[in-house]
Amino acid sequence: MEKTLTYKPQNAWETYADAPQRKSMEALAVRYIDFLTRCKTERETVDYVRERLIQAGYGEDFAGERVLRPLRGKALFAARRGSRPLEEGLTLIAAHADTPRLDFKQRPLIEQPGVAQAKTHYYGGIRKYQWLARPLALHGVVIRENGESLTVNIGEKPDEPVFCIADLLPHLAQKQSGQTISEAFEAEKLNIILSHSPKQGKGGKKDKDAPKEPIKEQLLDILHKKYGISEEDLITAELQAVPAGPARFVGFDKALVGGYGQDDRICVFTALEALLTAEAGQGNMAVIFWDKEEIGSDGATGAASRFFQYCVEDLARSWAPGVPASHVLLHSRALSADVQAALDPDFQEVHEKQNAAQLGCGPCFSKFTGSRGKYGASEADAEFFGQLRGLYNAKGIPWQTAELGKVDLGGGGTVALFLAAYGMRVIDLGPAVLSMHSPFELASVADLHATLEAYKAFLEA
Ligand SMILES: [Zn+2]
């Protein structure tokens, strides 16, 4: 393509216009939809990644050339040895596997008129009203007193029941209609209906024979019969309510993918595919998938923990004895693989359009994150950005650049700053997503393909 003096992001649909490319794009999207449908929590995502890596010959012994290390089933590091010395650093892609959702409280069960419900505590940035009046599935684990773990996944198969938070009838919502959104939708009203039928009394004449909370007791009977669990077992559980049902193609042209948790599973999926399919090259490639990004990255499995550093220390001991891990970290190059908010067609006014991410224009660089006067930002240096721009232009991979919303009105963070803390070069790069953080996020099939190409080219470079 002839270079012009003006700049305009390339439309990825034009870049990938020929029939075989379109065919492979659709095939990738079909696999991606299956992944999104199967993996709705960080545990399920890490399990999926682990399985794919093991199939590809990755093992937990760091003496090997292809290594992986999961942490508590919620975070995972993997690396693939290249011919260049580890001293030159890793080529790393980092993404997060957790998503906004409703967690069960530790003592969740209550009975209210006509129903037994689970009280929830929301996780991450949600718009509460989006979780009302829609089918929900339960995913997670229950840990029994003896340490045994019970995996829960109910509400996804067509013959399984789903769960639901009721919403108010419009006729009764007149007062609510005048309230602000935060007043109208209270966190303590995000109670999920689990059951409705009451337990029968023992048939005695006295009141004391009637169950005190008949619906809750009936529910506990069912839970005990089906899963062998009691109310106390729910205290040591991690139960997450997520939108029920599969991810789907969206639109007559099937050019969008709709589904829950694309922030940031689209980056987990493409980074994993990139690691598995990249040509064996000179550089030492690695990926890390973290948990807890949606709540600030704290915790053992989050990006603020030392887990990644410990993995690199062990890798250095094994692949480059005598080379300090700090040296490897300082000389590494990383993509913080996270999604960017797409220009919303119906709320264009919240974006500064020239610097907003466009659906379908390839993965999006964010040179910096943070908010207001770039507070809390990790800012990539122009030199590193320039290298990547040159790489992608040479390979004909579409890319764009954006910041999150108008200055002083938008902003946000990613895991980039936790990697930047080691002194390594890092920049955010990920596809645009519409309806981000909603139960049904939208991403472009062309961006999915372009993002995979971009991650692969980065790892191979
Ligand atoms: Zn994210």
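Reader: Leaving aside neighbours within four places in sequence, what is Ser444 in contact with?
Author: Ser444 is in contact with Ala255, Leu256, Leu359, Gly360 and Pro431. Contact here means C-beta atoms, placed from the backbone, within 7 Å.

Reader: Before I go on, what kind of model is it, and how is it numbered?
Author: This is a predicted model: local features need pLDDT of at least 70, side-chain atom pairs count only at pLDDT 80 or more, and totals for chains, interfaces and linings use all residues. Residues are numbered from 1 along each chain as its sequence is written.

Reader: Back to Ser444. Buried or exposed?
Author: Ser444 counts as buried because it has 28 C-beta neighbours inside 10 Å. The cut-offs: 20 or more other C-beta atoms within 10 Å is buried, 12 or fewer is exposed, in between is partly exposed, with C-beta atoms placed from the backbone.

Reader: Which strand does Ser444 lie in?
Author: Ser444 lies in strand β19, residues 441–444. Strands are DSSP runs of E with at least two residues, helices are runs of H or I with at least four, and both are numbered from the N terminus.

Reader: How far is Ser444 from Ala12 in space?
Author: 9.5 Å, C-alpha to C-alpha. In sequence, Ser444 and Ala12 are 432 residues apart.

Reader: What sheet goes with β19?
Author: An open sheet of five strands, in the order β10-β11-β19-β18-β14, with mixed pairing. The edge strands are β10 (248–250) and β14 (340–341), each pairing on one side only. Two strands pair if DSSP finds at least two bridges between them.

Reader: How do β18 and β19 pair?
Author: Strand β18 (residues 432–434) and β19 are antiparallel, over two bridges. Val433 has Ala443 of β19 as its bridge partner.

Reader: Which helices pack on that sheet?
Author: Helix α2 (residues 19–38) packs on the sheet and touches β10 and β11 (256–259); its direction makes about 5° with that of β11. Helix α12 (residues 445–460) touches β11, β18 and β19, and its direction makes about 65° with that of β19. Axes are lines fitted to C-alpha atoms, for helices over the stretch in contact, and angles run from 0 to 180 degrees between N-to-C directions.

Reader: Now helix on helix. How do α3 and α7 pack?
Author: Helix α3 (residues 42–55) and helix α7 (residues 262–277) pack at about 10°, with axes 11 Å apart. They are therefore roughly parallel to each other. That label covers angles under 35 degrees; over 145 is roughly antiparallel, 65 to 115 roughly perpendicular and the rest oblique.

Reader: Which residues make the contact?
Author: Thr45, Val49 and Arg52 of α3, with Arg265, Val268, Leu272 and Leu276 of α7. By class, that contact has four nonpolar, one polar and two charged residues. Ala, Val, Leu, Ile, Met, Phe, Trp, Tyr, Cys and Pro count as nonpolar, Asp, Glu, Lys and Arg as charged, and the others, Gly among them, as polar.

Reader: Next, β2. How many of its residues are buried?
Author: Six of six, for residues 75–80. Ala75, Phe77 and Ala79 are buried on one side, and Leu76, Ala78 and Arg80 on the other.

Reader: Which strands pair with β2?
Author: Strand β1 (residues 66–71) pairs antiparallel with β2 over six bridges. Strand β12 (residues 284–290) also pairs antiparallel with β2, over five bridges. Phe77 stands opposite Ile288 in β12. In the hairpin of β1 and β2, with three residues between the strands, Arg72 takes a positive phi near 50°.

Reader: And what about β6?
Author: Strand β6 (residues 136–143) is mostly covered, with six of its eight residues buried. Leu138 has Ala241 as its bridge partner in β9 and stands opposite Ile154 in β7.

Reader: Last one. How is the protein divided into domains?
Author: Domain 1 is 12–99 + 260–460 and domain 2 is 101–243; the bounds come from an automatic or database domain assignment. Their centres, taken over C-alpha atoms, are 35 Å apart. The contact takes 11 residues from domain 1 and 14 residues from domain 2.

Key. Two residues are in contact if their C-beta atoms, placed from the backbone, lie within 7 Å.
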